[in-house]
Structures are given as C-alpha cells and as structure tokens.
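Reader: I am new to this. Please show me how to read a structure, one feature at a time.

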Amino acid sequence: IKNSDQTYAHCVDMSVILQGCYSDILERQGKRVDEAVNRLILVSGFMHDIGKSRLPKELIDSREEFGPDSKERIMLRNHTTYGTEILQSMGMHKAAIDMAHYHDVKRDTSLAFSYPDVSYDVVPPMVRFASIVDVYQALIGKRSYKRNWVPGKAIEYIYKRKDSEFDPRMVALFM
C-alpha cells in the first residue's frame, strides 16, 4: 500500500475515522470500548484496500476518470477479491477479511459501482458502517484526479444516498 501515497493516506485516514466513530458511538450508548475490538477495527480499516497492492501503481494513481465498463475499472474492482485472498493467506481475523471483501457493496447492488456481486444481506453491520467512512474519506481526502470536498458536502452526499447506497441505520449512526 505504501507504494501509493494516495492509497496509503486513504487507508490510514479511513481506519482512524472508523475507529474514532466506533468508539464515539459506543461511548454515547454508555458502553465500554474494548481495546481488542478497537485494535481489530483499526487494523481492518487500514487493510480494507490491501488488494490494491496487486494492481499497477499507474492504475491506482491515475488522474483519469475510468468508464464503468472500462478494463481499468474492471481491474480496480478486483481489489476486493485480491484483498480477501491476501488477508486469508495472512490468517487475519474474519472481520478484516469481510471488510476487504465487502466494503464496496452498495445497498442497491445493481449500481455499477457495487461489487463484488453479492446480496447486501451478507454484508456485516460493521462493514456497512465502514463503507460510509470509506466514501466519506475518499470525498474529503486528497486525490490526484479531483479536488477534496469540505466535510459538510461529503456528509450531504452520503445522506442523500442513505436509501440507495448505504444502510440508513448506519448513516444515522455516522451522522
């Protein structure tokens, strides 16, 4: 992941935001934050895009906007499968493997940017929440191909998609 500054920064930021949100949600519910679970969430968030390490750096760091059916977009979609394979071979916890595998599955799985091709019902709640954090960080983070969004606009974007892309309950928790 460190071969791509953009991907590395995204993974670090996403994991920190995810873990911080998780801790905050539990504290507001009056629940104790378990350190082992906190670490698992931090590691799972950081490793969610590990599959991109199998893709060419030029593809990951490209400034181009790829069409939905382009060979580049198809290659990028494979990062979830690669991530699953890498984490399984490392003997990682199922939660980390699930995060790598399902973080790009949308509630409406017919959307072109929902992958892999599985039912939304199989996506665990933590991964549903992480997918929101993933998109939020991607919007506010620096990318070579776009300007970063201000947090308020990113939140509006997510909120507007609470019924099509994201689990409305998880969006409410994120808000």
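Reader: What pattern does the protein follow, read along the sequence?

Author: This is a predicted model, where local features need pLDDT of at least 70, side-chain atom pairs count only at pLDDT 80 or more, and totals for chains, interfaces and linings use all residues. Residues are numbered from 1 along each chain as its sequence is written, and side-chain values use heavy atoms, without hydrogens and water. Helices (H or I, at least four residues) and strands (E, at least two) are DSSP runs, numbered from the N terminus. Here the pattern is α-α-α-α-α-α-α-α-α. That comes to nine helices and zero strands.

Reader: How many residues of the protein count as buried?

Author: Buried means under 20% relative accessible area, exposed over 50%, and partly exposed in between (1.4 Å probe, protein chains only). Of the 175 residues, 44% are buried.

Reader: Which contacts join residues at least 24 apart?

Author: A contact means heavy atoms within 4.5 Å. Take the contacts between residues at least 6 apart in sequence: 60% of them join residues at least 24 apart.

Reader: How many disulfides are there?

Author: A disulfide is a pair of cysteine sulfur atoms within 2.5 Å. By this rule the protein has zero.

Reader: Is Cys-11 buried or exposed?

Author: Cys-11 counts as buried, because its relative accessibility is 0%. Cys-21 is buried with a relative accessible area of 19%.
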